[in-house]
Amino acid sequence: MTTTPLALDTDQARARLAELTVIDVRTPGEYASGHLPGALNVPLDRIRRALPEIRHAAGRGDILMVCASGARSESAGRLLAEEGIPTATLTGGTSAWADAGLDLHRPAACDTRAGWSMERQVRFTAGTVVLLGLLLGLLVHPAFQLLSAGIAGGLVFSALTDTCGMAVVLGKLPHNRPRTADLAATLAALRRG
């Protein structure tokens, strides 16, 4: 059975927060930089691994998927809908939550090495590679300008498809990857409710 994920705005989510199981699908570094109160971190690339626990949590009540702006949580919601697990997403993500003046929780003893959002990491990496390609093209060989052209093409493709290959690659870096103990604790929390 396929269901269609619902979208809740910040007021609707705030009003129902106590009854929702909130799953934040951002990287651990992004999650540690601030998340909705009570949110559990299951990065988007680990959602399939967490399906049994998410299904169990959905049996107890509604699930709200959250990310930075809403795109990754929509992807997670579609994946869960294909598995017959009904979910809702937060329109505008944690950015909209923070913009509305609502509280974001930060772990007291979090590792802040990766305090940059994935969007910021992508912009930094893309900009650095473009500048490097232009510089090497001027100083070493004009063929290096193809590096800049490749990044430009990737950004256009990313915008047209609402996907980001660079974010997938950056998400695999050590500071963006979930630590096994953290994911295990999150899965246990989903099981017990």
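1. A nonpolar core is a set of buried Ala, Val, Leu, Ile, Met, Phe, Trp, Tyr and Cys residues joined through side-chain atoms within 4.5 Å; buried means under 20% relative accessible area, exposed over 50% and partly exposed in between, with a 1.4 Å probe and protein chains only. The largest such core here has 20 residues, and Ile23, Ile47, Ile54, Met65, Leu80 and Leu190 have the most contacts inside it. Two or more residues each come from α3, β4, α4 (71-82) and α9 (180-192), with α9 giving the largest share, 4 residues. Apart from this core lies another, of 15 residues, including Leu20 and Leu102.

2. The model is predicted: local features need pLDDT of at least 70, side-chain atom pairs count only at pLDDT 80 or more, and totals for chains, interfaces and linings use all residues. Residues are numbered from 1 along each chain as its sequence is written, and side-chain values use heavy atoms, leaving out hydrogens and water.

3. Helices (H or I, at least four residues) and strands (E, at least two) are DSSP runs numbered from the N terminus. Strand β2 (residues 21-24) is covered on both faces, with Thr21 and Ile23 buried on one side and Val22 and Asp24 on the other.

4. Strands pair if DSSP finds at least two bridges between them. β2 pairs in the parallel sense with β4 (residues 63-66) over 4 bridges, and aspartate 24 stands opposite valine 66 in β4.

5. In helix α3 (residues 51-60), Leu51, Glu53, Ile54 and Ala57 are buried. Exposed Pro52 and Gly59 lie on the face turned away from the buried side of α3.
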